[in-house]
Amino acid sequence: AEVHNHDFVIQETPVKRLCKTHNIITVNGQFPGPTVEVKNGDTLVVNVVNRGQYNVTIHWHGIRQMRTAWADGPEFVTQCPIRPGGSYTYRFTIKGQEGTLWWHAHSSWLRATVYGALIVYPMENNSYPFTTPNREFPVILGEWWDMNPMDVVREAIRTGAAPNTSDAFTINGQPGDLYSCSSNETTSFPVKAGETNLFRFINAALNNELFVSIAGHTMTVVGADASYTKPFSTSTLMLGPGQTTDVLITMNQPPSSYYIAARAYASAQGVPFDNTTTTAVLQYDCGCLPGPDQSLPPASPTLPAFNDTATATAFSTSVKSPAPVKLPGPVDENLFFTVGLGLFNCPPGKTCGGPNGTRFGGSINNVSFVLPSSYSILQAHHLAVQGVFTSDFPATPSTKFDYTGNVSRNLWQPSPATKLYKLKYGSVVELVLQGTSIFAAENHPIHLHGYDFYILAEGFGNFNPATDRAKFNLVDPPLRNTVGVPVRGWAVIRFVADNPGVWLLHCHFDVHITWGLAMAFLVENGYGELEALEPPPTDLPLC
Ligand code: C2O
């Protein structure tokens with residue numbers, strides 16, 4: 001196994017998109033940021049130097065961080081932020097994961113521009129469990145704002161209203177040629193007829209799930225969230241923010257140029273927040289289209305409608321483990337968490353911009369997560385500092401109601417707190433994630449730090465243990481780190497708490513984290529030295 005050293009310099013960089021130039025925060029001046037390539041079993045050492053004007057942290061999304069929770073990255077959870085002028089070295093080993101992951105800032109909304117691919121190749125002398133591709137491409141989907149995204153979130157927090165939507169979706173940082181003033185801003189993937197190529201899709205968008213299609217080409221899904229999957233072919237992908245999907249595509253069409261296009265899957269409120277389409281081009285090496293007169297646009301794919309829940313569900317439930325799995329059991333912890341939005345009463349003496357003078361909020365089991373500021377939670381736990389968090393996060397909601405019906409908001413007024421749920425080392429956890437429709441019914445892409453989990457089932461309505469347990473896939477459920485809890489529905493995940501530390505569980509829509517749709521698990525140390533959290537690095541930033 002190798003050790004890979006990288007320097008990440010966080011800096012302000014002028015970038016021009018949609019005919020406007022503004023300064024964004026980048027890593028090493030690159031947008032998207034550098035692709036990090038490692039092999040399963042390697043160690044990654046990344047020295048992050050903050051030369052920007054904001055506090056920052058970097059999260060290695062999907063990396064399990066076995067016993068190295070200090071390197072996980074969410075600000076005020078596993079570390080205090082790296083202040084302007086400061087630095088911190090993330091050091092961790094990749095164990096038993098192969099495929100596509102990514103890294104992103106985990107501090108306010110900085111990940112709008114601070115993100116990149118993290119590719120984990122098979123171990124030395126190992127190969128993929130599928131045809132060796134001729135070429136590989138990371139394909140990172142993102143969102144672009146004409147405004148500084150940090151100002152967008154600041155304004156949303158100030159007013160309590162919903163934030164501005166983005167001005168474009170992007171593929172590898174480029175919006176594609178369908179926006180006004182973006183004709184020279186299209187990513188192109190050079191391919192040759194007859195090849196089979198691996199495309200590693202990553203949804204790095206802030207606040208949108210995305211459908212993806214490619215004109216004329218079928219995709220074979222072979223991996224998701226750095227786990228291999230049972231191959232299946234599809235014309236459309238759906239990725240929630242945080243999720244990755246690896247697909248093989250055979251270049252079997254007449255040599256030409258074909259659009260790769262992505263557009264929002266927006267289950268909320270029956271309206272797309274942003275119904276624009278981003279494009280990139282699959283360009284065959286043919287000197288053919290677009291013609292010498294540049295008159296012919298690339299062939300266009302058909303994308304599902306923004307509210308096509310049937311297509312989104314058909315896709316997510318087709319993702320399965322390649323072979324029967326040894327599912328952990330019996331279950332030690334049966335947890336039931338409601339995930340959703342609500343409207344909070346406006347604090348006295350303020351005016352709020354949400355519906356009827358309220359402000360937006362998110363919660364899990366009626367607790368709206370608040371980040372501490374004097375210590376990170378992990379530091380407070382390690383040093384046994386009192387008063388930073390409590391360990392009384394409820395295992396089930398205090399009030400049962402028709403979660404997916406028309407719920408009056410008075411029934412469910414979340415209270416803000418920093419509450420954790422404590423897990424014994426090695427316990428088997430089964431967690432029902434129940435979407436709610438208090439104020440807004442919407443999909444929630446729920447991400448768990450420090451773990452991969454099996455997705456046993458998803459469904460609509462209120463989870464009913466008597467009938468829904470029969471629908472669990474106990475044979476070949478997929479192993480992922482982010483699960484889409486369907487609109488007015490539920491999903492069930494299972495994992496073993498074998499990684500000590502503090503691990504955030506949250507909706508990967510940044511606007512929902514801002515509103516408190518998060519909680520954290522505190523996983524205690526096991527018995528032996530090899531089951532305990534490593535000591536904190538000496539350069540760990542303090543608050
Ligand atoms: Cu990719 Cu807590 O995030």
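These questions and answers concern the fold of a predicted model.

Q: Which radius of gyration does the chain have, and what would a compact globule with 543 residues have?
A: The C-alpha atoms fill a box of roughly 70 × 55 × 55 Å along the principal axes, and 51% of the 543 residues count as buried. A compact globule with 543 residues would have a radius of gyration near 24 Å, and the chain agrees with this at 22 Å.

Q: Where on helix α2 do its buried residues lie?
A: Helix α2 spans residues 309–316, and Ala 312, Phe 315 and Ser 316 are buried in it. Seen down the axis of α2, these buried residues fall within an arc of 90 degrees, so they line one face of the helix.

Q: Which strands do the buried residues of α2 pack against?
A: The chain has 5 helices and 32 strands. The buried residues of α2, among them Phe 315, pack against β15 (227–234), β16 (236–239), β18 (257–265), β27 (453–460) and β29 (482–485).

Q: Which strands stand at the edges of the open sheet of 5 strands?
A: The strands of this open sheet follow the order β24-β32-β31-β26-β29 with mixed pairing, and the twist averages 20 degrees from one strand to the next. Two of the strands have a single partner each, so one side of each is left without a neighbour in the sheet, and these are β24 (420–423) and β29.

Q: Which residue in β32 stands opposite Leu 423?
A: Strand β24 pairs with β32 (residues 518–523) in the parallel sense, over 4 bridges. The residue of β32 that stands opposite Leu 423 is Val 523.

Methods: Residues are numbered from 1 along each chain as its sequence is written. This is a predicted model: local features need pLDDT of at least 70, side-chain atom pairs count only at pLDDT 80 or more; totals for chains, interfaces and linings use all residues. A residue is buried if 20 or more other C-beta atoms lie within 10 Å of its own, exposed if 12 or fewer, and partly exposed in between; C-beta atoms are placed from the backbone. The arc is that of the directions from the helix axis to the C-beta atoms. Two residues are in contact if their C-beta atoms, placed from the backbone, lie within 7 Å. Two strands pair if DSSP finds at least two bridges between them. Axes are lines fitted to C-alpha atoms, for helices over the stretch in contact, and angles run from 0 to 180 degrees between N-to-C directions. The radius of gyration is taken over C-alpha atoms; the globule rule is 2.2 Å times the number of residues to the power 0.38.
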